[in-house]
Amino acid sequence: MDVNLFIPCFIDQMYPGTAFNTIKVLKKAGCRVNYNPEQTCCGQPAYNAGFWDEAKIIGNKFLDDFAESKYIVSPSASCTGMVKNAYNDLFTNSMVHNQCRSIQSSIHELSDFLVNILKKDYFGAELEGRAVYHDSCSALRECKIKEEPRQLLAKVDGLELLEMYDQETCCGFGGTFSVKFNSISSAMAEQKVNNALQAGAEYIISTDTSCLLHLQAYIDKQQLPIKTMHLADVLANGWGNV
């Protein structure tokens, strides 16, 4: 199967290894991965800040950068959710209405694509330890993803998957929220990390690097015995059996 890869700004600039691991996982799943180097941003920062005209310019470029006829896969529920949902505000009843609807139906977050489209959940990944999965707001509420990452993590050899208290509560990042309301944002990160530690976790795993960056910053500052990992990095780890 041919797929187009969408790598969001956050991953491109700060977690390029996650992008390469996404490619490794997709190839192991039998996909031919295409990457358009002209791609940039989905427009979410401008959209969330209220600059919809600017977001529409960026969104138009996104629509032109990706073929309507192929699946688009992204290791980010946040950006996937932006395209699937917020593009309705930007492009409904516009000249690119039909093009937008086609792209919206084609784009999938990585775990959703692996489990629901490819019907694959085992990649021979290995990770020794105990982990909790963090339901990012975008994954849970915008992309309706909950069981898919857990199904994939349940097949990782050596990994014990735990559930933590207040599982579906936000981590506190929220984009510009973490800048405008720093104290509240930090307190929410503290709460999320403490809940993971109380569950006995050594790892916090999620589909969104923005959440993980926020949580890891708190972990590093407090020097806590836990670390964050993106789902793609977990699925590409080990590979001793396959």
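1. In what order do the 4 strands of the open sheet stand? The order is S6-S5-S7-S8, and the pairing is parallel. The model described here is a predicted one. In general terms, strands of a sheet pair through backbone hydrogen bonds, in either a parallel or an antiparallel manner.

2. The edges of this sheet are formed by strand S6 (157–162) and strand S8 (227–230). Each of these has a single partner strand, so one side of each is left without a neighbour in the sheet. From one strand to the next, the twist averages 35 degrees.

3. Within the sheet, strand S5 (residues 126–133) and strand S7 (residues 203–206) run parallel and are joined by 3 bridges. A reader wishing to locate this pairing may begin with valine 132, whose bridge partner in S7 is isoleucine 204.

4. Helix H12 (residues 209–222) lies across S7 and S8. Relative to S8, helix H12 runs at about 165 degrees.

5. Lysine 144 is not a glycine, yet its phi is positive, at about 60 degrees. Lysine 144 is found in the loop between helix H8 (137–142) and helix H9 (147–153). Its relative accessible area is 63%, and lysine 144 is therefore exposed, the cut-off being over 50%.

6. Aspartate 166, also a residue other than glycine, has a positive phi near 55 degrees. Aspartate 166 lies in the loop between S6 and helix H10 (177–180). Is aspartate 166 buried, partly exposed or exposed? With a relative accessibility of 30%, aspartate 166 counts as partly exposed, because that class lies between the limits of 20% and 50%.

7. The largest pocket has a volume of about 700 Å³. Its lining consists of 31 residues. Those that lie nearest the centre of the pocket are Gln44, Asn48, Ser78, Phe173 and Gly175.

8. Which elements give two or more residues to the lining of the largest pocket? They are helix H1 (9–14), helix H3 (44–48), helix H5 (77–91), H8 and H12. The largest share comes from H5, with 6 residues.

Conventions:
Residues numbered from 1 in each chain as written. Predicted model: local features only at pLDDT ≥ 70, side-chain atom pairs only at ≥ 80, totals over all residues. Heavy atoms only, no water. Pairing = 2+ DSSP bridges. Axes fitted to C-alpha atoms, helices over the stretch in contact; angles between N-to-C directions. Contact = heavy atoms within 4.5 Å. Buried < 20%, exposed > 50% of the residue type's maximum accessible area, 1.4 Å probe, protein only. 1 Å grid on protein atoms, 1.4 Å probe; cavity = no way out; pocket = protein on both sides within 12 Å on 5 of 7 lines; lining within 4 Å. Points joined across faces, edges and corners; volume = space filled by probe spheres on them.
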